[in-house]
Amino acid sequence: MTAEDTINDMRMRATKHLAEAGSREEIIAWERAFLGPKGELTLFLRRLASLPVDERPTAGRGGNALKTELTEAWNARHAALVAGDLEQRLATDAVDVTLPGRPPILGAAHPVSQMIDELSEIFALLGFQTVFGPEVETAHYNFDVLNIPKDHPARDVWDTFYVDLPGEIVLRTHTSPMQGRVMEQTQPPVRVVVPGRVYRYEAQDASHEWMLHQLEGLAVDRAITMADLKGTLSEMARQLFGSERRTRFRCDFFPFVEPGVDFAVDCAICGGAGCRVCKGSGWLEMGGAGMVHPNVLRAVGYDPDVYSGFAFGLGIERLTMMRSGVDDVRAFAGNDLRFLRQFARAA
Ligand code: DAH
């Protein structure tokens, strides 16, 4: 076989194999087989010197021409394969940018926080400042200042979590202890509301939680009367439940007020006729209130002959339950997003 035959034979095989090579691996193997350092063509060119002198020029020219030819063919084939890969990737990995995106889930204020904000606004318009107090409280402010002395049976009304053994530190059982703290630090006129968490040592059920939120109200000045209390709470009830609402005040006992009342609003759901939400009574109990007891005024250094005041306490969860028809107080701290999302509204 002459050198020319060898070259032609190599060209035929190389061209055929390259045309058949369908993957990147295959054309790399092909390149190694023909053009690599130990490739067939490389070895052929290296052996030129051992050819008879008269064959060398043709063999050399032919071999080098083949090298150029094969290199170009390889480049073209490689480029085609890469382009094919890309096309395939574009086809399979395609992202349809016209599809609607997935909106991020926005958080929303908890229904209790929403109610606190709403109440703060209502009371701000009535001249009340919103202040906050400690949840870990002394028995002094939680009980003593509020006319609930040690050993007084009234203390049992609040099932208390004690933090220390002698029983001097408690988780506040109501927001009322801020009455004493605020009055000690300021002189009348006082007008504050105090939203916050309170704790009670209670078994849980649909209407009892061991942690809940209250909003305390306190107004002290010269000549504050029961009429101011009724007007303030009625206005609040109408802001919350609608301008048609009527309120009801009945005698009740709380050690820190005299007289004390519980107050209710006629049920907005049934208009007072009686329904599931008001349990057939036509009235929704909103909380306790009364005229600040002279003993409380005295305990903080106010002269009860000069000053008088009213105080009230609202259950925040209760208000939301009444307004939205929630029938289980445990839902508020239950962290079930399906419940909470019903209260979500645009910020
Ligand atoms: N602190 C009372 C409670 O948690 C509620 C209350 C009643 C607050 C009458 C008051 C009030 O300020 O005057 O049961």
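Which residues come nearest to the ligand? In this predicted model, in which local features need pLDDT of at least 70 and side-chain atom pairs count only at pLDDT 80 or more, totals for chains, interfaces and linings use all residues. Residues are numbered from 1 along each chain as its sequence is written, and side-chain values use heavy atoms, with hydrogens and water left out.

Around the ligand there are 16 residues, of which His-174, Ser-176, Arg-200, Gln-214 and Glu-216 come nearest; a residue is taken as near if one of its heavy atoms lies within 4 Å of the molecule. A nitrogen atom of the ligand lies 2.9 Å from a polar side-chain atom of His-174, and the side chain of Ser-176 places an N or O atom 2.8 Å from a ligand nitrogen atom. A backbone N or O atom of Ala-311, in turn, is found 3.2 Å from an oxygen atom of the ligand.

Helices are DSSP runs of H or I with at least four residues, strands are runs of E with at least two, and both are numbered from the N terminus. The side chain of Gln-179 makes a polar contact of 2.7 Å with that of Glu-216, a polar contact being a pair of N or O atoms within 3.5 Å; within protein, one must be able to donate a hydrogen and the other to accept it, and residues adjacent in sequence count only if both atoms are side-chain atoms. Not counting residues up to four places away in sequence, Gln-179 also touches residues including Leu-146, Phe-256 and Ala-311, where contact means heavy atoms within 4.5 Å.

In helix H2 (residues 24-34), the residues Ile-27, Trp-30 and Phe-34 are buried. Seen down the axis of H2, these buried residues fall within an arc of 50°, so they line one face of the helix, the arc being that of the directions from the helix axis to the C-beta atoms. They pack against helix H1 (3-20), helix H3 (40-46) and helix H4 (56-92), whereas Glu-25 and Arg-32, on the other side of H2, are exposed.

Conventions:
Buried means under 20% relative accessible area, exposed over 50%, partly exposed in between (1.4 Å probe, protein chains only).
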